[in-house]
Amino acid sequence: MAETINSLKELANVESDQDEQVNQQSPKYEQKLDKFGRAYATGKRKDAVARVWIKPGAGKIIINGKDYQKYFARPVLQMILRQPIEAAERTEQYDIVATVSGGGLSGQAGAVRHAIARALTFYEPELRAVLKRGGFLTRDARVVERKKYGKAKARKSFQFSKR
């Protein structure tokens, strides 16, 4: 594709053609809904796995059949859960139903947060930039290190005595 360009007008035409090709290749995200009109996503954190369904509603959040304020009693965990919804400014637009299992409460709250953020991007793809900027779409891969033999825990050793 070696073209000879003789004038600035030809150069401008070549650049605009390349821009159009790049715009056509950029990924366009589509809305992903099930047959009931809900967006579904899974989220993970430590050993916890959360499954979340989002649908238009009054803003109720139900986790494992309970209200999220009863399931996560600590205010910090409730705040973690609401972060992606508040960042997207959709606090009372969607009803959220989640099932979560494994891990402890902190890991479960992180897993639900991750799943809510992913489900929001499936329901409204234009929210992806906002949620990505907030770091809600990134799966936090840190997990507990396994215990090694000959050690008290993963790295802690027993007290050493020469005698």
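This is a predicted model: local features need pLDDT of at least 70, side-chain atom pairs count only at pLDDT 80 or more; totals for chains, interfaces and linings use all residues.
Residues are numbered from 1 along each chain as its sequence is written, and side-chain values use heavy atoms, with hydrogens and water left out. Local features need a pLDDT of at least 70 and side-chain atom pairs count only at pLDDT 80 or more, while totals for chains, interfaces and linings use all residues.

**Aromatic pairs**

A pair of aromatic rings is described by the distance of the centres and the angle of the planes. Rings of Phe, Tyr and Trp (for Trp, the six-membered ring) pair if their centres lie within 6.5 Å, and planes under 30 degrees apart count as stacked, over 60 as edge-to-face and the rest as tilted.

| Pair | Centre to centre | Angle between planes | Class |
|---|---|---|---|
| Y40 and W53 | 5.1 Å | 40° | tilted |
| Y94 and Y123 | 5.1 Å | 70° | edge-to-face |

Helices (H or I, at least four residues) and strands (E, at least two) are DSSP runs, numbered from the N terminus. Y40 lies in strand 1 (residues 39–45) and W53 in strand 2 (residues 48–56), 13 residues apart, whereas Y94 in strand 5 (residues 94–101) and Y123 in helix 4 (residues 105–123) are 29 residues apart.

Buried means under 20% relative accessible area, exposed over 50% and partly exposed in between, with a 1.4 Å probe and protein chains only. Y40 is partly exposed at 34%, but W53 is buried at 18%; Y94, at 9%, is buried, and Y123 is buried at 14%.

**The nonpolar core**

A nonpolar core is a set of buried Ala, Val, Leu, Ile, Met, Phe, Trp, Tyr and Cys residues joined through side-chain atoms within 4.5 Å. The largest one has 34 residues, and those with the most contacts inside it include L81, I116 and L120. Helix 4 supplies the largest share of this core, 10 residues.

**Helix 3**

L81 also belongs to helix 3 (75–87), which bends by about 35° at this residue, with a proline, P84, following within four residues; the bend is the angle between axes fitted to the seven residues ending there and the seven starting there. Leaving aside residues up to four places away in sequence, L81 touches I61, I63, Y68, F72, A109, V112 and I116, where contact means heavy atoms within 4.5 Å. The buried residues of helix 3, among them L77, I80 and L81, pack against strand 3, helix 2, strand 5, helix 4 and helix 5 (128–134).
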